[in-house]
Amino acid sequence: GLTTLIRGQKLPIFSGNGLPHDQLAAQIVKQASLGEDSEEEFAIVFGAMGVKHDVAEFFRKTFEESGVSDHVAMFLNLANDPVVERLITPKVALTVAEYLAFECNMHILVILTDMTSFAEALREVSSSKGEIPSRKGYPGYLYSELATIYERAGIVEGASGSVTQLPILTMPNDDITHPIPDLTGYITEGQIVLDRNLHGQSVYPPISVLPSLSRLMKDGIGAGYTREDHQGLANQLFSAYAKVGEARNLASVIGEDELSPLDKQYLKFGQEFEKRYIGQGPTENRTIQETLDLGWELLGLLPKEELDRIDTKLVDLYYHPAKEEA
């Protein structure tokens, strides 16, 4: 709804140690499809680098039990496998993806986890060769190595297939300025950031809305793709959630009871938004239409005059104020 993935896009997930990115990756593989009315062929290429045995087993078991193994190609490089194999795993996975997409005309979703393991393997091999290190000990060509992987996403003229990438990386010490997420952000078209605070509140998936974005979203939403109100609704939800942060900061200083009625409405909106819009549960499979409807339902918690990012015609069409609880 807010960070829409477009065919041929590369959209990384920035996670941290201990956050449920493995569970999220498995859920994406289980639930990904082209939609019920699509006749086109779809498959998933899943590449895991430097994962522990129990994590690899979790992926294998999840895909088998949910019955998606028939359209998933898996490449597993375990933590005790040679480091050099870790460097070729994503390249081999993407070669298969390109073959299926551009020779067999299929739509391929590539999930690569964890790109941090790949970068650390690169650092290890580079230092063993005696190369001069760059920032934080990584080789100077880390950028071009990451680019050669991420840039293998897209749509090729003359072929009807596509390669879409969802690389996952764990940010060391949750530091988004670390070289790996930093360079990844330059190359890819947006990012989805996981948040430790939301995870602590048992919100799954704990996606931090404000720093997450999809730069290609505008090209694949709206009338004829999703629904005519999608862009305006996303802008309004984003804006309203930003105001929730301001209201929470104010409440922490002067206390919740002293807030204006409007700020209290924003606090209520924030709670519901995190619980019902961001939080989706590991088995819930929401369609884009349901997501848009839920967005309007949550905006009903706010007064109509606060909706300043949406065309008034759309507001008149979709806005319904929430019923007061007795």
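Me: In which sense do strand β6 (residues 190–194) and β7 pair, and over how many bridges?

Reply: Strands of a sheet pair through backbone hydrogen bonds, either parallel or antiparallel. Here β6 and β7 are antiparallel, with 4 bridges. Val 193 has Ser 208 of β7 as its bridge partner. Strands are DSSP runs (E, at least two residues; helices are H or I, at least four), numbered from the N terminus, and two strands pair if DSSP finds at least two bridges between them. This is a predicted model, in which local features need pLDDT of at least 70 and side-chain atom pairs count only at pLDDT 80 or more, while totals for chains, interfaces and linings use all residues. Residues are numbered from 1 along each chain as its sequence is written, and side-chain values use heavy atoms, without hydrogens and water.

Me: What is the strand order of the sheet, and which strands are at the edges?

Reply: The sheet is open and has 7 strands in the order β3-β2-β4-β5-β1-β6-β7, with mixed pairing. β3 (72–78) and β7 (207–214) are the edge strands, each pairing on one side only.

Me: Which strands pair with β5?

Reply: Strand β1 (residues 13–15) pairs with β5 in the parallel sense over 3 bridges, and Ile 13 stands opposite Ile 168. β4 is also parallel to β5, over 7 bridges; Ile 108 is the bridge partner of Val 163 in β5.

Me: Which way do the side chains of β5 point?

Reply: In a regular strand the side chains alternate between the two faces of the sheet. In β5, Ser 162, Thr 164, Leu 166, Ile 168 and Thr 170 point one way, and Val 163, Gln 165, Pro 167 and Leu 169 the other. Of its 9 residues, 9 are buried (under 20% relative accessible area; exposed is over 50%, partly exposed in between; 1.4 Å probe, protein chains only).

Me: Is Ile 44 buried or exposed, and what does it touch?

Reply: Ile 44, in strand β2, counts as buried because its relative accessible area is 1%. Leaving out residues up to four places away in sequence, Ile 44 touches Val 29, Ala 32, His 71, Val 72, Ala 73 and Leu 109 (contact: heavy atoms within 4.5 Å).

Me: Is Val 253 buried or exposed?

Reply: Val 253 lies in helix α8 (residues 230–254) and is exposed because its relative accessible area is 67%.
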